Amino acid sequence: MSTTTRLDTSDDLLVEHRDAVLRLTLNRPQRRNALTDEVMLRLASAVQQASAERSVRAIVLTGAGDKAFCAGADLTPGDTPFKPDFARLQLPMADLARAVHACHVPIIGRINGACMAGGLGLFGLCDMAIATEDARFGMPEVKIGIFPMQILTMLRDLIPPRFLNQMCFTGQPIDARTAFSLGLLNRVVPAAELDAAVDALVADVLAVSPIAVRRGKYAMRAVESMSFHEMMAFTESNISAMIQTEDAREGLAAFNAKRPPEWTGR
């Protein structure tokens with residue numbers, strides 16, 4: 001991955017790598033940035049590549065325009081992912097979720113509008129998120145006779161059970177302030193302040209040790225299904241490895257010298 005890469009603006013997914021930040025933009029504003037199989041597979045590929053690149057320290061995921069982050073799967077005949085194919089054992093949304101789960105780079109959601117159905121699944125894959133005041137979050141699948149099966153995997157530990165049940169069983173959305181009150185968002189800002197708020201959060205991530213963040217996110221994922229004793233054994237063994245890194249030695253030296261650290265990411 002080069003230092004600066006920008007795909008053609010006619011592309012359904014814009015990929016830009018600049019100054020240690022990978023920006024992924026769903027670029028289908030005429031379809032409210034709805035998802036197709038191709039877009040989801042390309043998102044998965046971009047995330048996998050970013051995870052392998054030490055030069056990438058943060059990922060920003062957003063949608064083009066000012067109306068929608070992502071309205072979910074494209075329901076247009078010919079573009080929809082909802083095509084029965086019982087020979088397929090794995091689906092693009094699930095493959096995307098697997099890629100994100102294995103990614104060691106923090107993902108920040110820039111929620112610039114409606115965040116619905118599969119779009120809420122993408123939101124659930126983000127580690128942090130900032131939304132505009134007019135953003136809406138919902139799972140309207142029951143309104144068209146289906147159920148948010150796959151995205152429940154990303155949302156069950158994120159949304160409190162009573163609200164999750166209500167959103168799934170009624171299809172009714174919640175607003176940004178409610179999402180913030182439930183702990184789903186880091187900040188809610190006016191649309192004009194969205195980019196500044198996201199940039200500030202990215203800057204906070206870039207200011208700290210790259211290797212500490214990567215190893216930390218790996219550990220957070222690894223302990224998810226462990227018992228208490230397993231988690232303690234895993235984390236106590238990993239702290240010894242952490243303090244051997246160049247960044248840990250530099251961080252301690254900088255702290256004692258009262259100077260800014262110079263991270264190497266090693």
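The entries below go from the whole chain to single side chains.

**Basis.** I am working from a predicted model, in which local features need pLDDT of at least 70 and side-chain atom pairs count only at pLDDT 80 or more, while totals for chains, interfaces and linings use all residues. Residues are numbered from 1 along each chain as its sequence is written, and side-chain values use heavy atoms, with hydrogens and water left out.

**Confidence.** I looked up pLDDT, the predictor's confidence in each residue from 0 to 100, and found a mean of 90 for the protein, with 92% of its residues at 70 or more. Over residues 6-10 pLDDT stays under 50, although the model has eleven contacts (heavy atoms within 4.5 Å) beyond four places in sequence for this stretch.

**Overall build.** I count ten helices and ten strands, taken as DSSP runs numbered from the N terminus (helices H or I of at least four residues, strands E of at least two). The radius of gyration, taken over C-alpha atoms, is 19 Å; for 266 residues a compact globule would have one near 18 Å, which agrees, the globule rule being 2.2 Å times the number of residues to the power 0.38. Buried residues make up 45% of the 266, where buried means under 20% relative accessible area, exposed over 50% and partly exposed in between (1.4 Å probe, protein chains only). Among contacts between residues at least 6 apart in sequence, 65% join residues at least 24 apart.

**Helix H2.** Which residues of H2 are buried? Seven of the ten residues in H2 (92-101) are buried, namely Pro 92, Met 93, Ala 94, Leu 96, Ala 97, Ala 99 and Val 100. Their cover includes helix H1 (37-52), strand S5 (107-111), helix H3 (118-125) and helix H4 (152-155).

**Sheet.** I then followed an open sheet of four strands, in the order S4-S6-S8-S9 and with mixed pairing; two strands pair if DSSP finds at least two bridges between them. Strands S4 (68-70) and S9 (174-175) stand at the edges with a single partner strand each, so one side of each is left without a neighbour in the sheet. S4 and S6 (residues 114-116) run parallel and are joined by two bridges, and Cys 70 has Cys 115 in S6 as its bridge partner. H3 packs on this sheet, touching S4, S6 and S8, and its direction makes about 95° with that of S6; axes are lines fitted to C-alpha atoms, for helices over the stretch in contact, and angles run from 0 to 180 degrees between N-to-C directions.

**Aromatic pairs.** How many aromatic pairs does a search of the whole structure find? The search finds three, pairing rings of Phe, Tyr and Trp (its six-membered ring) whose centres lie within 6.5 Å, with planes under 30 degrees apart counted as stacked, over 60 as edge-to-face and the rest as tilted. One of them is the tilted pair of Phe 147 and Phe 169, at 6.2 Å centre to centre and 35° between the planes. This pair links distant parts of the chain, with Phe 147 in the loop between strand S8 (136-138) and H4, and Phe 169 in helix H5 (residues 161-170), 22 residues apart. Phe 147 is partly exposed at 29% relative accessible area, whereas Phe 169 is exposed at 57%.

Tyr 218 and Phe 234 form another tilted pair, 6.2 Å centre to centre with 50° between the planes. Tyr 218 lies in helix H8 (residues 210-222) and Phe 234 in helix H9 (residues 228-242), 16 residues apart. I noted Tyr 218 as partly exposed at 40% and Phe 234 as buried at 16%.
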